[in-house]
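Here are a few notes to read alongside the model. Keep the 3D view open and click along as you go.

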Amino acid sequence: MKHPLNNLNGKVAGLSTVGGASGPTGSMRVVLRGDQSLNYGSNEALFVVDGVPVSSGDVGTGSGGMSNTDATVDFGNGASEINPEDVESVSVLKGPAATALYGSRAANGAIVITTKSGRDTKGVGVTVNSSVTFEKAMRFPKFQKVYGPGNDNGYKPFAAWNFSRTEAPEGFESGRNASRYSYGEAFGYGKLRNQFNSYNWLTGEYTLTPFEYADDWYSGIYETGTTYKNNVTLTSNNGKGTSARVSITDTRNSWIMPNTGYQNQTVSASFSTKMGKWVKFNAKVNYLHKTSDNTPVTGYSTSSPTYYIVWRLTSNSMRLYKDEYFSGRVNSANYNGGCKDGLGMVNSLGNSQPGNPYHQLYEATNSINKSRVYGTMNLTISFPVKGLTLDLRGGTDISADFRQQQKPFYTPGYKSGFYREQNNRDEETNIDFLLKYVNNRMAGKHLAFNAAFGGNNMSRSVYRSQITLDKLGEPGVYNASNTPTGETSRPYQWRSKKVVNSFYGFISASWDDTYFLDLTARNDWSSTLGRGNWSFFYPSVSASILLDKTLNLQEVAPQVNMLKLRASWANVGNDTSPYSLTDAYTASSTYPGGYTYPTNCSNYYIKPENVESWEAGLETMFFMNRFGFDVAFYNSSTTNQIVNAVTDLMTGASSKKINAGEIRNRGIEIALHAVPVRSLDFTWSIDINWSRNWNKLVSLEDGWDIRTPYEQTKNLIGNYGRILSYIGEEMNIIYGRGYERAPEGATYIDADGNTVNCAGMKIITESTGYPVMTTDNIRLGKVNPTWRGGLGTTLRYRDFTLGLNFTAQMGGHAYSFTNAILAYQGKLENSLPGRNDGLVVEGVNVSTDAEGNTVYKLNRTPTEQINKYYTTYFARDNAEENVFKTDFLKLKEMRLDYTLPRKVCRKLKVLQGAAIGAYATNVFCISDFPQFDPEAGNIVGTNIYSGIEIGAMPMTRTYGFNLKLSF
């Protein structure tokens, strides 16, 4: 699904977007100027559509986490459901200065979207816009194609089938020698071996088959995805102040994995009319209907199709799995057969719970049926006093969806099946009034003055209803009553409501269109905070001056078109989630009829969070607006953060909600605009942006031991690595085990008698040739990049337009779980060194001389067993081997459009306009990150975490065409 923010990625300084690498309806996390809150899910920018905030979050399905059979399914978040065909413009408001109009939820900035309205001129118009997009997986791991399955370094020939009750066919050994690891004998032309495809399931005969690398063993599951989108728009204007627009869009997607995709139907309508001399009415409504028969499970989970791909044998073609499923051989006999005497599954080798990716994709499905309505109604009343108006506005965002998750019998982790159904309903209503006075001709036309006072009532209701069956009574029957005898289903229900009432006002004044001053103030009353703390006030002030006018640069330096200096300060409060003030018992799932006390204690006296920020900037334009730049410096500090602090277990709880902690963000943003060439027929424009953010954890609760790190979410990658933040340091640093290294000042004497510095070299055990691992976690790299940037360029020649958009980042890191799994199995190229003649690991041996001094010497001991070396030191718990830089340079988007000249349209009489375009995304990606998308995160529950890649779906390249006709 094309996210409306795809067009902003790499084009707005300070804007960061992270996708979940999770499927066709993938969610996206949008952050402006870095994380400001210790509550990870509270750092995203607010989405505002036509002046009203809309929900951009997701409802979690599955419990998430690594190696979890009930892993997360990403059905998409609310922001991704905004139809790009209906978007007129998108603007980005950074920092808390956006909060006066949109409340405390905009403390992290706001993405303000304005949808399209009716036509401006009298008449009726019809526009048809159709596109087709193709999608291909890209950036696969670098696989080695030399050695086949096995774990004995090729000591014995590969053998898949085992014969215990029947006599081994001629040429076949009775025993089996197979492994999911790739430390077996070398592939070779002419080698014939006992393989899974040696057995003919129709005749029952066995035939030795060529022992060759299967090029499609990993990539064969991925197909060419297609998306067809058709839009019809009708606009009208009666020439008397009434205009209307109706848009219908149909989107049908088949994704890159079999039996996955979605369908969207959206209807957008807007209406505007004058109701007499003093009143104007405007309304906009959007309706979405989204369905998907299957959205794949994400991450490293036995419920995810990617799980069994990474564990597959490199000699087995993906066609074997496809044939196995569609031939009906995923059954009890083969599931438990273990590749013995003609019974087994392709993935039986070395796996007690063999899985088939096609079986999962076609039968272990995750479906959704969702309807959503959001829109606004606005009444503008003009009073006889010139410049005095009253806006009355109501907005709503209502969504309801029904989800089903089903797993058939013989699904790994659910041998007796699984079923869950979930009903979700979210409703948010905003009622506003705004009394505004505008007078731009005061003090002899020198003073322009605007003042406004308004109020808002926000009401948000959430409803969740879910029932889960961990076992099924009858296979293939998926409903809530199909429970086995003696088993019970697990129901879950949740309701919540939150209300925030607000009054706000702002004053804007300018003098001679040169000096500008803006003041805002807002007070919120939140139902989620206790009496005495539920009211919080937040002001802001901003000022700017046009130096080109004050210094008379129009005459002194006419090449300077604008020189603007600006500064702002803002303070904003923020509340918490509903029902955080008092504790309540919950029904026990272990003891039916029993109740348990919460392990996290609430706090009635919790105070609102506070964000204080300032910003200064310089904006310029030169040479008839053909060159300009914008530089901004900012600082923000978030205090009184609402966090769960660890408590003594003697209290009966593990944590308590308190106010504590400070996070500081400082940064610089630079945007540059240039038009090197501009003529009647040809124009070339360039836009460059660059940003850097310094993020620091200043403090936590009183008495916190600075040696103890803060961890926002535990066990994201199990015990293999952690993302930690220490007081006084940059946040979100990857820690894990790595190699012991020689300390500073360590030296050894080489063969020529020279003293060589060996500080930082690996410590190697002399007797085995194996490196020494650290017992404690060490710092391996920071998650957040040092800087981000983008370059966009547009070349227009007559009626042709070519647009290119590049994005880049430097300085970030991520742990790749996929790399760890594939590397220690010996399936990647980095596991080839030493296969034939042994490997001497670069490093030094350590010993102690007779005087007790530490002595270092260059390691010359080859590893005892090469397969043991790779399976031990490339494994998951050696995080150092699996943390990589996420630096990249992408050609994010390329587009070529041709617009039919107006004179041709006039001659045709029927057409008012026509355009055809070709486009591609992710044209290339240059990165040292070993596979997939270096920008991608890992989705757990409702959050997308950067710095972690766990069983991600591949990065995809899209290319397509669109045709637009206006009548």
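1. Start with Lys436, which sits in strand β16, residues 418-442. Strands here are DSSP runs of E with at least two residues, helices are runs of H or I with at least four, and both are numbered from the N terminus. Before going on, remember that this is a predicted model: local features need pLDDT of at least 70, side-chain atom pairs count only at pLDDT 80 or more, and totals for chains, interfaces and linings use all residues. Residues are numbered from 1 along each chain as its sequence is written, and side-chain values use heavy atoms, with hydrogens and water left out.

2. Now look at what surrounds Lys436. Leaving aside residues up to four places away in sequence, Lys436 touches Gly387, Leu388, Thr389, Ala451 and Ala452 (contact means heavy atoms within 4.5 Å). Thr389 is 47 residues away along the chain, yet the two C-alpha atoms are separated by 5.3 Å.

3. On to the aromatics. Rings of Phe, Tyr and Trp (its six-membered ring) pair if their centres lie within 6.5 Å; planes under 30 degrees apart are stacked, over 60 edge-to-face, and the rest tilted. By this rule there are 57 aromatic pairs. One of them is Trp161 with Tyr199, a tilted pair at 5.4 Å centre to centre and 55 degrees between the planes. Trp161 is in the loop between β7 (123-138) and β8 (192-193), and Tyr199 in the loop between β8 and β9 (209-210), so the pair ties together parts 38 residues apart in sequence. Trp161 is buried, with a relative accessible area of 0%, and Tyr199 counts as buried at 16%.

4. Tyr335 and Tyr410 also make a tilted pair, 5.3 Å centre to centre with 45 degrees between the planes. Tyr335 is in helix α4 (residues 332-335) and Tyr410 in the loop between β15 (388-407) and β16, 75 residues apart. Both are buried.

5. Last, check two backbone angles. Asp50 has a positive phi of about 55 degrees although it is not a glycine, and it sits in the loop between β3 (46-49) and β4 (52-54). Asn732, also not a glycine, has a positive phi near 60 degrees and lies in the loop between β31 (722-724) and β32 (733-736).

Note on methods: Buried < 20%, exposed > 50% of the residue type's maximum accessible area, 1.4 Å probe, protein only.
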